[in-house]
Amino acid sequence: MPELPEVETIRRELERDILNQRIGRVEVLAAKTIHGKTGDFIKQLTGNSIAGIDRWGKLLIFDLKKGGHKLLIHLKMTGQLVYKDTKKLVFGGHNISESDLVVPNRFTRVVLHFSNHKALYFNDMRRFGFMKLVEEADLGGVVAKSYGVDALSPDFTEKYLQKALKKRAKTTIKAALLDQKHLAGIGNIYADEVCFATGILPNRRVNTLSVSKIKEIYKAIKRVLNLAIKHGGTTFTSARRSQAKPAYALAGFGEAKEAQSQFLAGHFVRSDGAKGNFTQYLKVFDRTGQKCLRCKKGIIQKNRVARRGTHFCQKCQK
Ligand SMILES: [Zn+2]
C-alpha cells in the first residue's frame, strides 16, 4: 500500500503537471471506485480544473477551481495514479509492473481527460481505493472522522505522540503506528523501519515504552519519512527480485521505449537514472533471511504482528 512518502511524491509530481488544466471529459469505468453518485461526480468535474493538491496522511485532496468541492483520492491497497501526456508518463502508487505503464488497461477505473490527449488514470486492481467529492465546508469533518494528525504536519508534536500512545497502552507499537485515527500516514513499511531504527520489537506493548523511548520514536518517524520522500518513496518493481538494481533495470526499460527522453518521470525512477528509489535504503523491511545491518549477528525475521507481515531483528530489537 502506498504510504505517506509515496503519496507525497506523486502529489508533488502531479502538482507540476495537472494544475489548471481543463478537464474536458470524465470516464468512469467502475462505479464502485466513486464514493457518492457517479452522475454528480461527472457533472462536478467536467469543465472544472484542479487548482491545487494537498495531502493528509495517505489521502490526496484535489482542490477544484469551481463548484466549492474537494476531490478526495485514496489509493488504498493497489491504487495507482498515472498521468500521461505526449512526452512523459508520471506514475505513483502501488508496485509497478511493465504492463501498468500501458494506459488505459484492465485495471483502469476512472480517467480524467484533459486537452491534447493528456489524461490522469486511476488504476486499481483490487478496487479498495476511491475517489470522492466533498463540499469544502465538510472537508474538516470528513478528514477528522477517519484520520489523526498527519505525520509530517506541524501539529504532529512529541507531546501529541506521547498522548496518542497513552490511549493505545495495551496494544503493540506496530498496531499503534498503523492506526490512522491517531496518526495518519504510516503503513507497514515505515512502521517496521521506525521500530528497527529505535531498536524496539514491533510486538512490544506500548505501555512498556518509556517517555524517552517514545521521544526516540517521534524523531525516527520524522527522520524515516523525510528520508523516504527525499528518495521518492518506496515502490517495488516487478523486476525487484530478479535484478540487482531494479530501479536501473526499469530505467533501461524506459530508455528502450523512448531513447534519451524522460519516458518515465514517475517517482521511482527517471530514465537518466538520476533519481533512485527508497527500496535501496530500507534497513529491515523486505530483508527477511538477510543479516541485520546494525548488529551484524541477527538474521531478519518476518512474523505477523497487527495482522501484517512484520520484519525485525530478534538480536538487537528489544
Ligand atoms: Zn540486529
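Student: Which backbone nitrogen does the side chain of Glu3 reach?

Tutor: First, the ground rules: this is a predicted model, where local features need pLDDT of at least 70, side-chain atom pairs count only at pLDDT 80 or more, and totals for chains, interfaces and linings use all residues. Residues are numbered from 1 along each chain as its sequence is written, and side-chain values use heavy atoms, with hydrogens and water left out. Glu3 sits in the segment before helix H1 (4-17); helices are DSSP runs of H or I with at least four residues, strands are runs of E with at least two, and both are numbered from the N terminus. At 2.7 Å, its side chain reaches the backbone nitrogen of Gly187.

Student: Which side chain of opposite charge is nearest to Glu3, and how far away is it?

Tutor: Glu3 is buried, meaning under 20% relative accessible area, with exposed over 50% and partly exposed in between (1.4 Å probe, protein chains only). Lys and Arg count as positive, Asp and Glu as negative; His and the chain ends are not counted. Glu3 has no salt bridge, a term that needs a side-chain nitrogen of Lys or Arg within 4 Å of a carboxyl oxygen of Asp or Glu. The nearest side chain of opposite charge is Lys58, 5.9 Å away.

Student: How many salt bridges does the whole structure have?

Tutor: Side chains of opposite charge can pair when their charged atoms come close. One network links Glu8, Arg11, Arg12, Glu15, Arg55 and Asp150. A search of the whole structure gives a total of ten.

Student: How many residues apart in sequence are the parts that Lys174 and Asp192 tie together?

Tutor: Their side chains meet in a salt bridge at 2.6 Å, N to O. Lys174 lies in helix H5 and Asp192 in helix H6 (residues 188-197), so the pair ties together parts that are 18 residues apart in sequence.

Student: What is the N to O distance between Lys70 and Asp63?

Tutor: Lys70 counts as buried because its relative accessibility is 14%. Asp63, at 22%, counts as partly exposed. Their side chains meet in a salt bridge, N to O, at 3.3 Å.

Note on methods:
A polar contact is a pair of N or O atoms within 3.5 Å; within protein, one must be able to donate a hydrogen and the other to accept it, and residues adjacent in sequence count only if both atoms are side-chain atoms.
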